[in-house]
Amino acid sequence: MKNEWPLWEIFIRGQHGMSHRHVGSLHAPDAEMAIKNARDVYTRRNEGVSIWAVEANHIAASSPSDKGPLYEPSESKVYRHPTFFDIPDEVGAM
Amino acid sequence: MYAQMVKSEATTDDPEKLAAFQARIDAGEKIEPKDWMPVGYRKTLIRQIGQHAHSEIVGQLPEGNWITRAPTLERKAILLAKVQDEAGHGLYLYCAAETLGVSRDELTEMLLDGRMKYSSIFNYPTLNWADMGAVGWLVDGAAILNQVPLQRTSFGPYSRAMIRVCKEESFHARQGFDAIRKMAEGTPAQKKMAQDAVNRLWFPALMMFGPSDADSVHSTQSMAWKIKMNTNDELRQKFVDQTVPQIEFLGLDLPDPGIKWNEERGSYDYSDPDWAEFFDVIKGNGPCNVDRLAARNKAWKDGQWVRDGLLAHARKKAARKVAAE
């Protein structure tokens, strides 16, 4: 059996009210140690108020080669953006 | 720099894919781990990021040496925080290298058996407290000049690691300058120690940028790939130009009579370090090469039971949880 500690992806909530953001990864034997290590590696200067640790092999990711089929369809749908519509000045803020 | 003389690997990939890859880099796009990349790009980056990471880790040794002997509790807390940062920098960088398909243990083993290098600067000793000031101010100051442009490097994980590192690095240079300034403005004996530290560390700091451009054979491909952003001599000149006014402020001298303002170039002239010494240190013959590698090997060996124990505990807990379900 391989004796290297598994890799964990670390997500930190920077401030109350913000979402957790991916900040990097680290190795740890289990979730508890991953959070302890994350606290030492990623929050030494008040960078966070909450930590999530996810074992890297549990993350499902889209493939770079799917970029076209996944994201191109939305490029032609400009009407999904509010700026598509002309609202007369007289109408006021909308 | 922290990665000196990293050899660019030749690439034997499909020319069409190579051209498309280069076009992405030229357009300023970031390359991410799962994207296609030339074999040589991957190999060169593993070597460069690995060497950079090893430098952060080995770089803890000359400073860790002085934590217990810091002159005040405040200086001790500052130095401790600085050395802890270096461990963090090493970890960010190892993780970036790992996204390229090399494992942490493989990287560590390559450092321990000498297949991978770390920066030549850490093979010089830190003889007294003044060296803590000189190292923070000159060595970290030099490192910053290299690392700031690397924030724009083409490989996403390396770039993001550099952004984190740079945020913390200016604390390192400033605490060093503050420590040496205290001594330069202190008693004559303290000032003499500060001068002595500068005398010993100036040329090794200049060597950090690597051999002169004329002898730097690996630069062209790495610069095209944006994994090296400036030439060695460009960065070295910038370092000299930024340091001379600081040394004047401190009332100390640089151990180089060749330092002179060059009106025409708008830069300071300076003397080259002894390149024969540099190559000798790289080969393993510096004053501390043997000590540094022995310390890292001992730490790795002594820590084995902790790594194994924690993993065994984690596996036992996981097995019990499965059994309970």
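**View 1. E63(B) lies in helix α3, residues 60–64 of chain B.** The model is predicted, so local features need pLDDT of at least 70 and side-chain atom pairs count only at pLDDT 80 or more, while totals for chains, interfaces and linings use all residues. Residues are numbered from 1 along each chain as its sequence is written, chains are lettered from A and ligands numbered from 1 in the order in which they are written, and side-chain values use heavy atoms, with hydrogens and water left out. Helices (H or I, at least four residues) and strands (E, at least two) are DSSP runs, numbered from the N terminus. Is E63(B) buried or exposed? E63(B) is buried, with a relative accessible area of 2%. Buried means under 20% relative accessible area, exposed over 50%, and partly exposed in between (1.4 Å probe, protein chains only). E63(B) touches L79(B), K82(B), V83(B), E86(B), M132(B), V135(B) and G136(B), leaving out residues up to four places away in sequence. Contact means heavy atoms within 4.5 Å.

**View 2. Chain B has 13 helices and two strands.** Its C-alpha atoms fill a box of roughly 70 × 50 × 35 Å along the principal axes. Of the 325 residues of chain B, 51% count as buried. Take the contacts in chain B with a separation of 6 or more: residues 24 or more positions apart account for 79% of them.

**View 3. Chain B and chain A bury about 1,900 Å² between them.** Carbon and sulfur atoms carry 51% of that area. Buried area is the accessible area (1.4 Å probe) that two parts lose on being put together, summed over both. R164(B), L311(B) and R315(B) supply 24% of the area that chain B buries against chain A, more than any other three residues. The contact takes 23 residues from chain B and 23 residues from chain A.

**View 4. E168(B) and R44(A) meet in a salt bridge through their side chains.** The N to O distance is 3.1 Å. A salt bridge is a side-chain nitrogen of Lys or Arg within 4 Å of a carboxyl oxygen of Asp or Glu. How many salt bridges are there between chain B and chain A? The count is six.

**View 5. Helix α13(B) gives the most to the side of chain B that touches chain A, with eight residues.** The elements that give two or more residues to this side are α4 (73–98), α5 (104–112), α7 (156–184) and α13 (304–324) of chain B.
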